[in-house]
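Hi there,

Here is the structure I promised to pass on to you. Have a look at it first, and then read my notes below.

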Amino acid sequence: MDATLIFYIILFVVAFLYASVGHGGASGYLALMALYGFAPEVMKPTALLLNLFVSLTSYIQFYRGGHFKWKIFLPLALVSIPMAFIGGLLTIDATIYKKILGALLLLPILRFFLLKDNKQAGTVESQVWVSVFIGAGIGFLSGLIGIGGGIILSPILLLLNWTNQKQTAAISALFIFVNSLSGLFGQLTKGIHFSTDMLWMVVIAFGGGLLGAWFGSLKFRQEVLKFTLATVLTLAAFKLLFTSA
């Protein structure tokens, strides 16, 4: 089978899996592009562009399901947006970039493998000063690496018991959208070359994300999807962290 076709098939599956749990999928797209030898200056804007379409679709579906909480979202986003812009202005060495990406992939892996449904989830009141600190750190990393930040935010919200699984997905989806938009604007100030390949990737990822968000926002059993996604990310993280290619 043609390598390009395989790439697009995997891209569709990644978008579906991420959207089903309320994520935009940038970390997955970046891992896939890294494995296919894309340069970081191409990877970052492409992943953020894909994030915009998939995360917004996911947010709309979860919002319609009544799972969104503005009180938690606003303090996080108001600080993360300018920090994502600043991060988007910076460029780092390709090797260091891939190592940081590999390390960040460990977060969704731990979440999907270890964090189960918690009866106490969503019972603890959020604190504004903690939200500001979390939002600033995640926002900066989002712009620097080219992710929306949902892979970092989601396990934090669940560990703090501020939200349940569905609320986490809804908040993370919009958080990813605004940070991806801010990070993309930061990169636009340096100049971005948009190609026909990017357009095809957006169309394919959008299709996978639309289908995944629809399934994920319903009473859909996600354990198998989470295990599959975590397994794939584990392989990608291992390659990024422990191989030079």
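An axis here is a line fitted to the C-alpha atoms of a helix over the stretch in contact. Two packed helices are described by the angle between their axes and the distance between the axes. Please keep in mind that this is a predicted model.

Let's begin with a pair of helices. Helix 6 covers residues 128-145 and helix 8 covers residues 165-188. Their axes come within 9 Å and cross at roughly 50°. That angle makes helix 6 oblique to helix 8, and the crossing is right-handed.

Which residues meet there? From helix 6 come Ile138, Gly139, Ser142 and Gly143, while helix 8 brings Phe175, Asn179, Gly183 and Gln187. Sorted by class, this contact of helix 6 with helix 8 has six polar residues, two nonpolar ones and no charged ones.

Now stay with helix 8, which also holds Thr168. Is Thr168 buried or exposed? Its relative accessibility is 0%, so Thr168 counts as buried, the cut-off being under 20%. Leaving out residues up to four places away in sequence, Thr168 touches Ser154, Leu157, Leu158 and Thr163.

Finally, the nonpolar core. The largest one has 64 residues, and the members that touch the most others are Leu11, Tyr29 and Leu30.

Enjoy exploring!

Best wishes

Conventions. Residues numbered from 1 in each chain as written. Predicted model: local features only at pLDDT ≥ 70, side-chain atom pairs only at ≥ 80, totals over all residues. Heavy atoms only, no water. Core = buried A, V, L, I, M, F, W, Y, C linked by side-chain atoms within 4.5 Å. Buried < 20%, exposed > 50% of the residue type's maximum accessible area, 1.4 Å probe, protein only. Axes fitted to C-alpha atoms, helices over the stretch in contact; angles between N-to-C directions. Helix = DSSP H or I, 4+ residues; strand = E, 2+ residues; numbered from the N terminus. Parallel < 35°, antiparallel > 145°, perpendicular 65-115°, else oblique. Left-handed = near helix turned anticlockwise from the far one by under 90°. Contact = heavy atoms within 4.5 Å. Nonpolar A, V, L, I, M, F, W, Y, C, P; charged D, E, K, R; others polar.
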